[in-house]
Amino acid sequence: MKNCLLMVLLMVSTVMMAQKVSMKKEKILYGKDPIGTLVEKNKKITVSTLENEVLFTVEVNALMLDLKKYIQYFKVTTPKSAKDVYIETPYRGSIQSRSKLILKEFSSVSYPVFTEKGIDSEVVKKIMDTDDGKLSAIVKKITDAENGFKEKLKSFNSLGISINQEGEYGTIELGEFSTKGKVERREENDRLVYELFDEYDKQLAIWNEEGDSNLEFANGKKIYVPASIASPFLGVSTDDLVELMIVLTRK
């Protein structure tokens, strides 16, 4: 009962604080009083004093952990910081306004940066001292993999391979479609599985969302492929994971 009451009080306090913080023409207002500036450019938020001294910058990002779970996080840096700091924030779906999101989250009980007395530099320092090792490792693992595979996917068109809606892939020879294999997409235990076969129905590779999102080849080799590469809601012929599996299994 006490825990429930505490949560309610925290929520009410957060809402009341957030309602007092607003923005008008790049000025951050607490009530009617300006306490700083907030400028959004190229998806990056810069928060400064009224004297235009930059205090910190924020990038708002989201990552797909699996096909049913997302996280949202801020990448925060200051002019004097040696590194960026990642802090996880509640996932709110598609972001309509980064500026409003920053105002809300940095007026909350968790991160009370914008206050009646101004921008609290001590809270900013505490944010920069956050132990973000686990989150930053997740971000690096997923984004590095995504960037690497995006490069590999560029080579798909050069293979001269087409994929039909039945999941068969092959080449056009003398005006006819010559099958080189097929891919199957299915659900197992509420998780997606992609399986690639050659024209003799020999398995070439399998990707299992449940199995740590690893792509396993016929020779036993495994590589991590994040779920964000998959496009299960699109046709099989336009699914990036299908194209990636074909690229990675071509000799």
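Student: Which residue's backbone oxygen lies 3.2 Å from a polar atom of the side chain of T249?
Tutor: This is a predicted model, and T249 sits in helix α5, residues 240–249. A polar atom of the T249 side chain is 3.2 Å from a backbone oxygen. That oxygen belongs to I246.

Student: Leaving aside neighbours within four places in sequence, which residues is T249 in contact with?
Tutor: Contact here requires heavy atoms within 4.5 Å. Neighbours within four places in sequence are set aside. What remains for T249 is L196, L204, A205 and F217.

Student: Which strands does α5 lie across, and at about what angle does α5 run to β13?
Tutor: The helix lies across β10, β11, β12, β13, β14, β15 and β16. Strand β13 covers residues 191–198. The angle between α5 and β13 is about 40°.

Student: In what order do the seven strands of the open sheet stand?
Tutor: The sheet is open and its pairing is antiparallel. Strands of a sheet pair through backbone hydrogen bonds. The order is β10-β11-β12-β13-β14-β15-β16.

Student: Why is one side of β10 and of β16 left without a neighbour in the sheet?
Tutor: β10 spans 162–163 and β16 spans 222–224. Both stand at the edges of the sheet. One side of each is left without a neighbour because each has a single partner strand.

Student: How many bridges join β14 to β15?
Tutor: β14 covers residues 203–208 and β15 covers residues 214–217. The two run antiparallel. N208 stands opposite N214 in β15. The bridges joining β14 to β15 number four.

Student: Which residue in the turn between β11 and β12 has a positive phi?
Tutor: β11 and β12 pair in the antiparallel sense over six bridges. Y169 stands opposite G181 in β12. The hairpin leaves two residues between the strands. With a phi of about 55°, the residue is L174.

Student: And in the hairpin of β12 and β13, which residue takes a positive phi?
Tutor: These strands pair in the antiparallel sense over eight bridges. E187 has L192 in β13 as its bridge partner. Two residues lie between the strands, and a phi near 55° belongs to N189.

Technical notes:
Residues numbered from 1 in each chain as written. Predicted model: local features only at pLDDT ≥ 70, side-chain atom pairs only at ≥ 80, totals over all residues. Heavy atoms only, no water. Polar contact = N/O pair within 3.5 Å; in protein donor to acceptor, adjacent residues only side chain to side chain. Pairing = 2+ DSSP bridges. Axes fitted to C-alpha atoms, helices over the stretch in contact; angles between N-to-C directions.
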